[in-house]
Amino acid sequence: MTEDILRITGGRPLHGEITVQGAKNSALPLMAAALLCDGETVLHRVPQLLDVYAASRILNRLGCRCTAEGNTVTIRHTNAESSEIPDADMRTMRSSIMFLGPILGRMRCCTLTMPGGCELGPRPIDLHLDAMRQMGVQIRDDGGKIVCRADLLHGARIHLPLPSVGVTENVIMAAVGAAGETVLTNAAREPEITDLAAFLNQCGAKIEGAGESTVVIEGGRKLTGTEYSVMPDRIAAMTYLCAGAAAGGSVCVSGAAPQDLESCLNVLKAAGCRIGTGSGRIFLDRTGGLRNVRYIRTMPYPGFPTDAQALISAVLCTANGTSVIDETIFDSRYKHVGALLRMGADIRTIGRTAVITGVSRLHGASVEATDLRGGAAMAIAALQAEGESEIRQLHHLDRGYEHFAEIFHSLGGSVQRCRFSAKEREKQSPCA
Ligand code: EPU
């Protein structure tokens, strides 16, 4: 048995330019959407991540042929098609639920189980199922399996009680394969939804209003695979900017979409960073001390993203003054706080609110990633801490970040990914 550990020595400012990966949260629905297309779909800029490998496995199980070469994924339809996703695949990630809409859109039936993913509090799928019901899908529970079938999958007027990203994506994908028009109101407006609609429209769909609250989908058009490049990952971009903010220095993130990060960049500015943007590039410069940000509230897009909440809390640990964060999207998204406390942070959480009182410095500690963004927050804290930190449970980070250690290393951070055997671990041997 081996274990990977991230070893970070803090206190070195970061300098340089990196290119941000393609967006995980766009690549996964795009791969699922390829199920709706005949022929071949070629996706470029797909990040090499555990969740992407899981999505490829699901596509292959469903009867597609999904192959990857570097960051290009090719998905071909074959004749053998299945409509069931095995429980083991469902559990690997939350995005396995993204296959529900396209499988129904194509085959009119789908059997799956509850999806897995980061533990951020309860993550029900009731809204996904309700929306599908409104499109004519009958759903029954068969000993833990969710069996969905539609004699006639039809368009509908669907109003979401909250603007869920995943439900918006599933409705769009099912509606593309349904008969008639679907009008979705109170839809999520995240850029990943615009990316999904752009891809499907390029395949022959007719989707209007993606990125706005009302999306209109004309169903029943024939879709043919296309070649498409996944949008930049705005949360990965924010991660590297937050690292620059925490460690100090000047960082340029290229291949990014600054317009998708406005709320994040405003918070970084309020924290004392100088920010510049130019075609596909974001520059961050932090030479003076960090300032507190009085109040941050996570909100659906275009508000401050919940996925950046842990990242910014790690930055604000050493800001001058007190910052307050309200997490409004998920019930339990402060699991990373325990690790930040071990590093010397002063954070109190009360329900969905975190009060961060800046301390003069953090110190290195040995911690375990609790979830994807929580693990990234620990790395950000470690980069500004005095001394050495170790982060374990790296599978969380591998679900969402490509070349995580290498990127920080290229910016001048002392970050090494080490692989230990159980025996070496006992002896605390150094990194290879
Ligand atoms: N919700 C329900 N019922 C449902 C679906 C959602 O109550 O059937 C609730 C959720 O529990 C949550 C809220 O609605 O309280 C919003 O969840 P949403 O459906 O928007 O989230 P998601 O689609 O499951 C995506 C991202 C998450 C990101 C959220 C919010 C992907 C693959 N995941 O999840 O990304 O936090 O939107 O922006 O796109 C991450 O990348 O680290 C990550 C967790």
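A pocket is an open set of points on a 1 Å grid over the protein atoms alone, with protein on both sides within 12 Å along at least five of seven lines. A molecule sits in a pocket if more than half of its atoms lie within 2 Å of its grid points. This is a predicted model: local features need pLDDT of at least 70, side-chain atom pairs count only at pLDDT 80 or more, and totals for chains, interfaces and linings use all residues. Residues are numbered from 1 along each chain as its sequence is written, and side-chain values use heavy atoms, with hydrogens and water left out.

View 1. The ligand takes up the space of the largest pocket.

View 2. A polar contact here is a pair of N or O atoms within 3.5 Å. The side chain of aspartate 126 places an N or O atom 2.7 Å from a ligand nitrogen. Valine 165 uses a backbone N or O atom, 2.8 Å from a ligand oxygen. At arginine 333, a polar side-chain atom is 3.4 Å from an oxygen of the ligand. The ligand taken alone exposes 830 Å², and the protein buries 88% of that (Shrake-Rupley method, 1.4 Å probe).

**View 3. Where the shell comes from.** Helices are DSSP runs (H or I, at least four residues) and so are strands (E, at least two), numbered from the N terminus.

**View 4. Two loops with backbone features.** Most residues other than glycine have a negative phi, and most peptide bonds are trans. Tyrosine 301 and proline 302 are joined by a cis peptide bond, with omega about 10 degrees. Proline 302 lies in the loop between strand 17 (295-297) and helix 10 (309-316). Glutamine 393 has a positive phi, near 60 degrees. Its loop runs between strand 22 (388-392) and helix 13 (395-398).

Key:
Polar contact = N/O pair within 3.5 Å; in protein donor to acceptor, adjacent residues only side chain to side chain. 1 Å grid on protein atoms, 1.4 Å probe; cavity = no way out; pocket = protein on both sides within 12 Å on 5 of 7 lines; lining within 4 Å.
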